[in-house]
Amino acid sequence: RNLLINAGSKLDALTQKSVDLRTRLPKAQETLAGLRTRYSAEVLESIDDNVDLASASLDEAEEVLPQAYEIESMPAGEQGGLIDAIRHIEHAITTADKLLEGVEHADENISTAKANVADLIQEISDEINEAGQLKQSAGADGARADWASLDDAVRAASAALTTASADAEKDPLGTYTELVDVDSALDTQLDTLRATAADQARQLRVFDQQLQSAGSQIQKAEDLISTRGRIVKSEARTHLANAQKLYAMAQQNRTRDTRAGIDYGRQAAVAAQRASKSAQNDITTYNNRHNSGGGTTGAIVTGMVINSILNSGRGGGGGFRGGRF
């Protein structure tokens, strides 16, 4: 909407830009001629036709400009295609500008390429190695990343390195430009993967802490229930079984779906707490019933132990302890 509202001023700015670029063409042609006297055709291969391409891009922009002005002058609602025309002109002018800059800054760019191409080759090689290590470690931790895009960036970088050393001597500028492009793409993928791996590592720490807490709660409930025999009713045992099941589900999801695993761990802890509370309620009820009968505390405790032995066969030794802690 804003572009349509300001279409007239935008077209004026693009027209001025095209005029400025047109005035740069002769100077750029002279600069290119001078470069050809100082460098081999191979060194200049990547910019040798820049001036011609810039001129063609300007021709395209200047051809569409009058059409865009004509559409802009029409009443609102009849300006279909104006946005596309403006975008097309912008692209052509931007392309021409970059092509001319390539010639205008060629001496500086060639010097930079010669001085830095070896370091860039080493940097990309190190990044390829890092990508492999991160993929292995982050993948093992269950990190969810766009592995296909990472692989594509690594393949492109590896392909560029294959010919870079040989091409750097004869075409330092072209080689350096290509390496900068693949390095940028690989950097983007690595930055994303580093962030993903770091986030997954944090999630795993939370998971391990949550599972440790849940395990302690389950062990506490299991110890309480297993030493009281049938004093503890089925509700507490049901909560304990549910806690153990949720604990197992959490373990299964540690790297498969860490967030889900954390949630299962939390649910396991809650279920274990319910088991302990329910068991304690049963024990309290048992004690109150025996107290109301006039027995002493010692008799109550003795009765609990005897009752446990008679009804469950043995006391202590829950199955959770040996399997997990």
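Reply: A residue counts as buried when its relative accessible area is under 20%. The model discussed here is a predicted one.

Me: Why is Leu11 called buried?

Reply: The relative accessibility of Leu11 is 0%, and the limit for a buried residue is under 20%. Leu11 therefore counts as buried. This residue lies in helix H2, which spans residues 7–38.

Me: Which residues does Leu11 touch, not counting those up to four places away in sequence?

Reply: Leu11 touches Leu65, Ala68, Tyr69, Glu72, Ile86 and Ile89. Leu65 is 54 residues from Leu11 along the chain, while their C-alpha atoms are separated by 7.4 Å.

Me: What makes Gln203 count as buried?

Reply: Gln203 has a relative accessibility of 15%, to be set against the cut-off of under 20%. Gln203 therefore counts as buried. It is found in helix H7 and touches Thr258, Arg259 and Ile262, residues up to four places away in sequence being left out.

Me: How many of the residues of the protein chain, as a percentage, count as buried?

Reply: The protein chain has 325 residues, and 38% of them count as buried. Its accessible surface comes to about 18,000 Å², of which 49% belongs to carbon and sulfur atoms.

Me: What elements make up the protein chain?

Reply: The protein chain has eleven helices and zero strands. Among its contacts between residues at least 6 apart in sequence, 80% join residues at least 24 apart.

Me: Why are H7 and H8 called roughly antiparallel?

Reply: The axes of helix H7 (residues 172–226) and helix H8 (residues 234–252) cross at roughly 155° and come within 10 Å. Angles over 145 degrees count as roughly antiparallel, so H7 is roughly antiparallel to H8. The crossing of H7 and H8 is left-handed.

Me: Which residues make the contact of H7 and H8?

Reply: From H7 come Phe207, Leu211, Ala214, Gly215, Ile218, Ala221, Glu222 and Ile225. H8 contributes Ala236, Arg237, Leu240, Ala243, Gln244, Tyr247, Ala250 and Gln251. By class, the contact of H7 with H8 has eleven nonpolar, three polar and two charged residues.

Me: How do you know that H8 and H9 are roughly antiparallel?

Reply: The axes of H8 and helix H9 (residues 258–291) come within 7 Å and cross at roughly 165°. The cut-off for roughly antiparallel is over 145 degrees, and H8 and H9 are therefore roughly antiparallel to each other. Their crossing is left-handed.

Me: Which residues of H8 and H9 meet?

Reply: Among those in H8 are Glu235, Ala236, His239, Leu240 and Asn242. The H9 residues include Gly261, Tyr264, Arg274, Ala275 and Asp282. The residues of the contact of H8 with H9 divide into 13 nonpolar, six polar and three charged.

Me: Is Ala275 buried or exposed?

Reply: Ala275 has a relative accessible area of 0%. Buried means under 20%, so Ala275 is buried. Ala275 lies in helix H9.

Me: What is Ala275 in contact with, leaving aside its neighbours within four places in sequence?

Reply: Ala275 is in contact with Ala221, Ile225, Ala236, His239 and Leu240. Ser234 is 41 residues from Ala275 in sequence, and the pair is 9.8 Å apart in space, C-alpha to C-alpha.

Conventions: Residues numbered from 1 in each chain as written. Predicted model: local features only at pLDDT ≥ 70, side-chain atom pairs only at ≥ 80, totals over all residues. Heavy atoms only, no water. Axes fitted to C-alpha atoms, helices over the stretch in contact; angles between N-to-C directions. Helix = DSSP H or I, 4+ residues; strand = E, 2+ residues; numbered from the N terminus. Parallel < 35°, antiparallel > 145°, perpendicular 65-115°, else oblique. Left-handed = near helix turned anticlockwise from the far one by under 90°. Contact = heavy atoms within 4.5 Å. Nonpolar A, V, L, I, M, F, W, Y, C, P; charged D, E, K, R; others polar. Buried < 20%, exposed > 50% of the residue type's maximum accessible area, 1.4 Å probe, protein only. Areas by Shrake-Rupley, 256 points an atom, 1.4 Å probe, with all protein chains shown as cover.
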